[in-house]
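Open the model in your viewer and keep the selection tool at hand. This tour goes from stop to stop, saying what to select and what is there.

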Amino acid sequence: MGPVRGHKKKRKVEKKVEKDSLASGSSENGSADWWEMLSKRIAGNVSPSKGLDEFQSVFKMSRRTFDYICSLAEVHMQAKSAHYVFSSGKPMSLHEQVALAMRRLSSGNSLISVGDSFGAHHSTVSQVTWRFIEAIEEKGLHHIRWPSTEEDMTEIKSKFERIQGLPNCCGAIDATHITMMLSSSEQTADVWLDQNKNHSMVLQAVVDPDMRFRDVVTGLPGKLNENSVLQSSTLFKLCEKGERLNGNKMKLSEETELREYIVGDSGYALLPWLLTPYQGKELSESKAEFNKRHLATRIVAQRALARLKEVWKMIHGMMWRPDKHKLPRFILVCCILHNIVIDMDDDVLDELPLSSHHHDPGYGQEVCESVDKSASVLRDNLSLHLTGR
């Protein structure tokens with residue numbers, strides 16, 4: 001399977017979800033006590049987070065958001081619900097299926113461990129989780145979309161500028177490694193060997209100021225550096241053809257205009273639509289100031305990827321011999337779920353402390369020497385503008 005790309009334009013999030021359907025248990029027969037029964041099973045496996053109740057600590061979201069996810073998955077998952085039963089023979093409700101799949105994704109625990117805590121066979125955990133992945137991939141992809149209107153993009157630019165004053169910025173790009181434990185006898189294992197001698201798959205993401213993923217690419221081997229992953233993406237091709245980041249320009253002076261752009265670290269080439277920091281130690285005042293503001297702006301992408309891995313622990317740490325054809329779809333769905341929590345204005349986000357913005361521990365900063373001359377001039381003009389010169 002090739003790289004999974006999450007940039008399609010779809011309809012906007014349906015924010016009006018019945019708030020009390022899950023809380024009251026009225027959304028389906030027998031759902032009133034599903035969480036009460038389940039919470040007793042897994043109580044010893046979860047440490048309640050400060051400011052969150054037990055449900056929120058387990059799923060890292062409110063019941064309202066959970067219910068919305070159930071509504072997305074319902075048609076696809078209920079089609080074969082008769083096949084999913086607990087070890088006792090009791091059929092699983094929709095809520096129990098979604099809870100089982102989300103627990104598998106968020107805990108990072110093994111199929112057997114998750115199955116034992118739910119009272120289900122590990123094969124059932126595997127089947128239900130994959131069914132959930134298919135459902136969210138089909139019905140939830142509209143939660144990852146490039147801004148489709150000038151109004152949306154203007155709001156994003158305004159929020160970025162409020163961070164540290166970078167004008168006309170439309171996004172921050174970064175990449176992270178999803179590490180895997182592969183069998184040494186696997187013939188294609190070396191393809192996935194990265195610079196740290198880990199087997200890994202890369203996730204590239206463009207993020208908005210609210211830590212929402214606007215474009216994602218995954219499925220490529222970790223041996224590729226950041227710039228190579230970017231060059232293989234649809235985002236790169238669209239930007240190079242002038243079909244993306246082609247909106248309103250702003251005047252820096254009477255002679256100078258600033259086009260739309262995104263920011264990225266020094267692992268990326270300096271391009272007219274992708275501004276990277278200045279390299280070197282002995283920098284002028286204006287260049288040092290630009291780097292300071294640039295870092296404060298692009299850190300939003302680092303924080304988003306760190307939050308993704310911290311909440312959806314299945315893709316954090318070393319994955320045990322994953323199916324590399326299915327793994328990109330697992331990663332994409334974790335990105336969709338990340339965005340859904342943001343799109344639902346979920347208050348739980350405020351209670352989830354981010355321990356670190358380092359999403360790739362052990363991996364050093366890559367450096368790309370490629371510089372586009374017109375982009376270099378543009379960056380110089382912007383750095384002078386920021387220092388009032």
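Select K241. In this predicted model, K241 counts as exposed because its relative accessibility is 56%, and the cut-off for exposed is over 50%. E243 has 49% relative accessibility, so it counts as partly exposed.

Next, pick out E155, K159, D208, D210, R212, R214 and D343. Salt bridges with shared partners link these residues into one network. Zoom in on R214 and D208. Their closest N and O atoms lie 3.1 Å apart, in a salt bridge. Are these two partners buried or exposed? Both R214 and D208 are buried.

Go to E96 and K90. Here the salt bridge has its closest N and O atoms 3.3 Å apart. E96 is buried, because its relative accessibility is 8%. K90, at 36%, is partly exposed. In total, the structure holds 16 salt bridges.

Select F66, V98, M102, F132 and L337. Within the largest nonpolar core, of 91 residues, these touch the most other members. Then select helix α12, residues 327–343. Helix α12 contributes the most to this core, 11 residues. A separate second core has 22 residues, among them V206, L230, L235 and L245.

How many cavities of 30 Å³ or more does a search of the whole structure find? The search finds 1. The volume of the largest cavity is about 90 Å³. To see its lining, select K60, R307, L308, V311, W312, H338, V341, I342, L349 and L352. Both α11 and α12 supply at least two residues each to that lining.

Select M181, M318 and W320. Together they make a nonpolar surface patch of about 360 Å². M318 sits in the loop between α11 (285–311) and β9 (319–320). M318 is partly exposed, because its relative accessibility is 45%.

Finish with two backbone stops. Select N168, in the loop between α8 (150–164) and β2 (169–181). N168 is not a glycine, yet its phi is positive, about 65°. N168 has a relative accessible area of 8%, so it is buried. Then jump to D345, in the loop between α12 and α13 (373–386). D345 is also a residue other than glycine, and its phi is positive, near 50°.

Notes: Residues are numbered from 1 along each chain as its sequence is written. This is a predicted model: local features need pLDDT of at least 70, side-chain atom pairs count only at pLDDT 80 or more; totals for chains, interfaces and linings use all residues. Side-chain values use heavy atoms; hydrogens and water are left out. A nonpolar core is a set of buried Ala, Val, Leu, Ile, Met, Phe, Trp, Tyr and Cys residues joined through side-chain atoms within 4.5 Å. Buried means under 20% relative accessible area, exposed over 50%, partly exposed in between (1.4 Å probe, protein chains only). Helices (H or I, at least four residues) and strands (E, at least two) are DSSP runs, numbered from the N terminus. Patches are made of residues with over 30% relative accessible area and no salt bridge: like charges are joined within 9 Å, nonpolar side chains (Val, Leu, Ile, Met, Phe, Trp, Tyr) within 5 Å. Accessible areas come from the Shrake-Rupley method with a 1.4 Å probe; for residues, only the protein chains shown count as cover. A salt bridge is a side-chain nitrogen of Lys or Arg within 4 Å of a carboxyl oxygen of Asp or Glu. On a 1 Å grid over the protein atoms alone, a cavity is a set of points where a 1.4 Å probe fits but cannot get out, and a pocket is an open set with protein on both sides within 12 Å along at least five of seven lines; lining residues have an atom within 4 Å of a point. Grid points are joined across faces, edges and corners, and a volume is the space filled by probe spheres set on the points.
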